[in-house]
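The sequence and the structure come next.

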Amino acid sequence: MAVSDCRVFDLPIINDPRGNLTFVEAGRHIPFDIRRVYYLYDVPGGAERGGHAHRNLHQLIIAMSGSFDIHIDDGYEKKTIHLNRSYHGLYICPMIWREIDNFSSGAVCMVLASDFYDERDYYRDYSEFLADVNKG
Ligand code: TYD
């Protein structure tokens, strides 16, 4: 799985003078079923999150409020995506190292994930991740 498999999905928007509405349907708007939702909030200025990769997990990351940068890396190619719209979702496939920084004040980062939390699914060591990527 490569950086080129990760992409920003345009989620549906129901425009309404009372306020806009966006929704996400598993398998229709994103290529996986959702088993878990988590979110980062109250992130202090200058903080960095992420710093890991997943063996099997698929994720969609949405800036529910505010903005932040996501740096993705498949061991060969790197890319930075700035998320700042609640109707954009960055799909991250398995085997992608990610770091998230440049959080605006009040930013909320919501993550839809394909499976329950499992520490065994993480690479927390970049050199271990790179070694497995190079094994193919
Ligand atoms: P981590 O995934 O490293 O956070 P981030 O990617 O945002 O930097 O998780 C931080 C801590 O929270 C770690 O101890 C594991 C725990 N955690 C859970 O218990 N459940 C979860 O769903 C997540 C995402 C993390």
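A polar contact is a pair of N or O atoms within 3.5 Å. The model examined here is predicted.

Arg-124 places a polar side-chain atom 2.8 Å from an oxygen of the ligand. On its own the ligand has 530 Å² of accessible area, and the protein covers 63% of that area.

## Shell around the ligand

The ligand is surrounded by Arg-36, Tyr-38, Leu-40, Arg-49, Gly-50, His-52, Tyr-117, Tyr-122 and Arg-124. By class, the shell holds four nonpolar, two polar and three charged residues. At least two shell residues come from strand S4 (36-40), and at least two from strand S5 (49-54).

## Largest pocket

The volume of the largest pocket is about 200 Å³. Its lining consists of 14 residues, and those nearest the pocket centre are Tyr-38, Leu-40, Arg-49, Gly-50 and His-52. Two or more lining residues are given by each of S4, S5, strand S6 (59-65) and strand S10 (97-101).

Sorted by class, the lining has seven nonpolar, three polar and four charged residues. Tyr-38, Leu-40, Arg-49, Gly-50 and His-52, named for the pocket centre, are also listed among the residues that surround the ligand.

Note on methods:
Residues numbered from 1 in each chain as written. Predicted model: local features only at pLDDT ≥ 70, side-chain atom pairs only at ≥ 80, totals over all residues. Heavy atoms only, no water. Near = heavy atom within 4 Å. Polar contact = N/O pair within 3.5 Å; in protein donor to acceptor, adjacent residues only side chain to side chain. Areas by Shrake-Rupley, 256 points an atom, 1.4 Å probe, with all protein chains shown as cover. Helix = DSSP H or I, 4+ residues; strand = E, 2+ residues; numbered from the N terminus. Nonpolar A, V, L, I, M, F, W, Y, C, P; charged D, E, K, R; others polar. 1 Å grid on protein atoms, 1.4 Å probe; cavity = no way out; pocket = protein on both sides within 12 Å on 5 of 7 lines; lining within 4 Å. Points joined across faces, edges and corners; volume = space filled by probe spheres on them.
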